[in-house]
Amino acid sequence: MEQTLSELENQASQEKAAFGGDAHIVCDNLVRIYKTEGVEVVALQGLDLLIDKGELVAIVGASGSGKSTLLNVLSGLDVPTAGLARVAGIDLLAMTARDRLRYRRDVVGFIWQQTARNLLPYLTARENVELPLRLAGKRGRAQRSRSLLDLLGVDYCADRKPAEMSGGEQQRVAIAVALANSPQLILADEPTGELDSETSGLVFEALRTANKELGVTVVIVTHDSLVSEQVGRTIGIRDGRTSSETLRRDGEHAQEYAVLDRVGRLQLPRDFTNALNMERRVRLELESDHIGVWPSSPKEETGE
Ligand code: ADP
Ligand code: MG
């Protein structure tokens, strides 16, 4: 039986909605192209990602791989060129300007790498945490800011201005600011990029506490490869796609996996393909419990 166009469209949108089910963050084939002076840069090239509510996930990848672009999309600051991005059931491509403001005020909290960008310099830590509550017209601000600063271990900084705090203290206060309006999701773009390793540990600890105690979903972009030893799930991004995942269960060593997308595509690690001179074509063989991948022989290459 022939389907009408509207039936097909309906079916397509239902399939679209079904992907990822009720995952907290759903990115499906996400594309972001920047155009500057006629030159196109494809920052995200069909990125897929599913993150559940209450997860704590680290995102790692080389500089320029698209990590910040992804976070800017998830934070509602940037609009993707194509694909699907949904957070807490909200379609990030279909928001009006007003929805976007509400989304950024109530649903997500953001922490930047540059400590100075997170806090207003002329306000104390306490006042910084109270500001978003004030803007949202919420009551009980003093109590809320005290309990958040306390939870993150920086209650002693309450009356200090940013210049009177260390970088790590500022970032922990920034997490309190991001949490003030009880968001469902916290995004942090290299929050420890300007910090030494000891201080970085305290900031990660604060993000872990926020995740554990408040149940908020946390996504951290980081350069620190040691992070995968500290979180349950680390997602590797390469060339604008999710390419690997490292999972660690309590008491076990981290195990790295390649990401298999919905149509069966897989990105082989570059050092693997280089080591065996794999280029353009590989030969696959299905075994009972694995798939073998071989370089195609020179004979096959030339078609002899
Ligand atoms: P990462 O955070 O992983 O270092 P980014 O998401 O910042 O990577 O950048 C991904 C790619 O997109 C890079 O090639 C970068 O140069 C490009 N890019 C990022 N932002 C812009 C922009 N506003 N205009 C043009 N190109 C951009
Ligand atoms: Mg970046």
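Trainee: In which helix is R172 found?

Mentor: R172 is found in helix α7, where helices (H or I, at least four residues) and strands (E, at least two) are DSSP runs, numbered from the N terminus. Before going further, note that residues are numbered from 1 along each chain as its sequence is written, while chains are lettered from A and ligands numbered from 1 in the order in which they are written. This is a predicted model, in which local features need pLDDT of at least 70 and side-chain atom pairs count only at pLDDT 80 or more, although totals for chains, interfaces and linings use all residues; side-chain values use heavy atoms, with hydrogens and water left out.

Helix α7 covers residues 167-179, and at 1.5 Å a residue its 13 residues should span 18 Å, which agrees with the 18 Å between its end C-alpha atoms; the expected span is 1.5 Å times one less than the number of residues. Twelve of these 13 residues are buried, so α7 is largely enclosed by the rest of the structure; buried means under 20% relative accessible area, exposed over 50%, and partly exposed in between (1.4 Å probe, protein chains only). Accessible areas themselves come from the Shrake-Rupley method with a 1.4 Å probe, and for residues only the protein chains shown count as cover.

After α5 comes G137, whose phi is positive, near 70 degrees.

Returning to R172, its contacts, not counting residues up to four places away in sequence, are with L152, G153, V154, Y156, L202, V203 and A206. R172 is buried yet has no salt bridge, the nearest side chain of opposite charge being E169 at 5.0 Å. A salt bridge here is a side-chain nitrogen of Lys or Arg within 4 Å of a carboxyl oxygen of Asp or Glu, and for charge Lys and Arg count as positive and Asp and Glu as negative, with His and the chain ends not counted.

By this rule the count comes to twelve salt bridges. One of them joins the side chains of R32 and D78 (2.8 Å, N to O). R32 lies in strand β1 (residues 25-36) and D78 in the loop between α2 (67-74) and β4 (82-87), so the pair ties together parts that are 46 residues apart in sequence. Both partners are buried, R32 and D78.

Being three residues apart in helix α8, they are separated by about one helical turn. R208 is partly exposed at 22% relative accessibility, and E205 is partly exposed at 34%. E213, also found in helix α8, is exposed, with a relative accessible area of 53%.

Beyond this region, R283 forms a salt bridge with E285, the closest N and O atoms being 3.0 Å apart. R283 is partly exposed, with a relative accessible area of 32%, as is E285 at 35%. Elsewhere, salt bridges that share partners join E55, R233 and E245 into one network.

For the whole protein, the secondary structure comes to ten helices and 13 strands, and the C-alpha atoms fill a box of roughly 75 × 50 × 45 Å, taken along the principal axes. Buried residues make up 43% of the 304 residues. Of the contacts with a separation of 6 or more, 62% are between residues 24 or more positions apart. The protein exposes about 17100 Å², of which carbon and sulfur atoms supply 50%.

Notes
Contact = heavy atoms within 4.5 Å.
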